[in-house]
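Please look over the chain shown here.

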Amino acid sequence: NMSTVTLPPGTTTFRSFEADGNDYIFAGISQSLGSLPVMSFITGSLNFPDSVIVGTAPSSSPAYGEITQGPFSYVQILDGMQATNGTLTIDQKVGARMVLDGNSQIGDGGTIDVSSNGTGTFTLNGTITLNPLGSNLLDLQNEYLNGHGTVVQQGENDTTQVGRVASGTTFELTGGTLAIEKPLSFRGTIGPLGSPGNAAIGIFGEVAVYNALDTVRATFDTSTDVLSLLDSCGRDLGNFHLSGDVSGVHLTKFSEPAFNYIAMNDSGNSGIGVGGNIPISVIT
C-alpha cells in the first residue's frame, strides 16, 4: 500500500498534508510505518530555476516517510520537518538541492537521515532541534551541509553525524555527540553564539572526530577561540570555532588502545558546567 505523490518542478503547494484515504502525507511523512509514503520530485535543471515549495509539517506522531529528489531537483521546505518516534529519509540524486527553513524537530527516538553519497546539497537556514527525550539521530554524514542555520542538540543520547560542513552552520551541544566524519572539510561553529557566560560546549556534549590521521596534538588559540587538531607532522586536520565563555580551557591528551582522547576542561569561574569536562574524542 505504498502511496507516491510526484510533483514536477515549478509546482508550489502550501498544504500542510493531504489525505489519500489511508495515509497523511507531508513530503513523505506518514503515521504508518507499514504503508510508508514517498514524495517524489523529478528532475529540474542545472540552474535550479524551478522549485517545489512545501508548507508546514503536521504535528501528529509518529512520523515516517521518505522524500526522494531526482537529479538536479530543487526543494524548499518553509516551515520545517518533524520526525517524532519515527524516521524521515531524504534520498537525493546527483545535483539535488534541498533548502530547509523554519524550525524542525526530532524527538522521542526520531531520525532524519539525508543520503546523497556526496552528490547533493542540504542547505539549512532554519533550526533543527533534537529534543532531550529518546535517542535521536540527525544523519548528514553523506551530505554537503551549508547555510546559516543551527543544529540544537539537547539529549545525552542524541547523535548528529556530519561530513562536509561549510562555514555558517552552528552546532549547539547541550548533550550528546557530534560525530565529524571529514575533519578536513568541517568549517562549522561549535558552541552557542550570543550567549556570554555560557560554556562553548555543554558539560554533557561531546565531539567525536573520525579518520583523524593519527592526531596527537591539539592547540587552542584564545585570541580567536579556535581549537585546532593537528597530526603528528603538525598539519591542521580541522578547526573548531568556539564561542561563549571559553576562559580557563585546558587540553589534556590521554592515550588508550582504541583511540586518542583529548579532554577539554573548563576550569573557569563562570558559565555552564564550571569545572567540568568537555570531552573531544579523536577516533583514528
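## T123 and its surroundings

Leaving aside residues up to four places away in sequence, T123 touches R97, M98, V99, L100, N146 and G147. The model is predicted. T123 sits in strand β13, which covers residues 121-124.

Is T123 buried or exposed? T123 counts as buried because its relative accessibility is 7%, and the cut-off for buried is under 20%. One of its neighbours is also a polar partner: the side chains of T123 and N146 make a polar contact at 2.6 Å.

## Strand β24 and its partners

Strand β24 spans residues 236-242. Strand β23, residues 226-231, pairs with β24 in the antiparallel sense. That pairing runs over 5 bridges. Within it, L230 stands opposite D236. The hairpin of β23 and β24 has 4 residues between the strands. There, G234 takes a positive phi near 85°.

Strand β24 also pairs with β20, residues 189-190. Here the sense is parallel, over 2 bridges. I190 of this pairing stands opposite L242 in β24.

Which residue in the loop between β8 and β9 deserves a look? N85 is found there, with β8 at 82-84 and β9 at 87-92. The phi of N85 is near 55°, a positive value in a residue other than glycine. N85 has a relative accessible area of 42%, so it is partly exposed.

D108 is another case. D108 is not a glycine, yet its phi is positive, at about 55°. The residue lies in the loop between β11 (103-107) and β12 (111-115). Its relative accessibility is 40%, and D108 therefore counts as partly exposed.

## The salt bridge

How many salt bridges does the count come to? The count is 1. K93 forms a salt bridge with D91. The closest N and O atoms of K93 and D91 are 3.1 Å apart. K93 counts as partly exposed because its relative accessibility is 38%.

## The chain as a whole

The chain has 27 strands and 0 helices. It holds 284 residues, and 51% of them are buried. The accessible surface of the chain is about 11,800 Å². Carbon and sulfur atoms account for 49% of that surface.

Sequence separation is also worth a line. Take the contacts in the chain with a separation of 6 or more: 50% of them join residues 24 or more positions apart.

## Confidence

The mean pLDDT of the chain is 74. A value of 70 or more is reached by 60% of the residues. Where is confidence highest, and where is it lowest? The highest is in strand β14, residues 127-130, at 95. The lowest is in strand β3, residues 24-25, at a mean of 43.

Over residues 19-27 the pLDDT is below 50. Beyond near neighbours in sequence, this stretch has 35 contacts in the model.

Note on methods. Residues numbered from 1 in each chain as written. Predicted model: local features only at pLDDT ≥ 70, side-chain atom pairs only at ≥ 80, totals over all residues. Heavy atoms only, no water. Salt bridge = Lys/Arg side-chain N within 4 Å of Asp/Glu carboxyl O. Buried < 20%, exposed > 50% of the residue type's maximum accessible area, 1.4 Å probe, protein only. Contact = heavy atoms within 4.5 Å. Areas by Shrake-Rupley, 256 points an atom, 1.4 Å probe, with all protein chains shown as cover. pLDDT = per-residue confidence, 0-100. Pairing = 2+ DSSP bridges. Polar contact = N/O pair within 3.5 Å; in protein donor to acceptor, adjacent residues only side chain to side chain.
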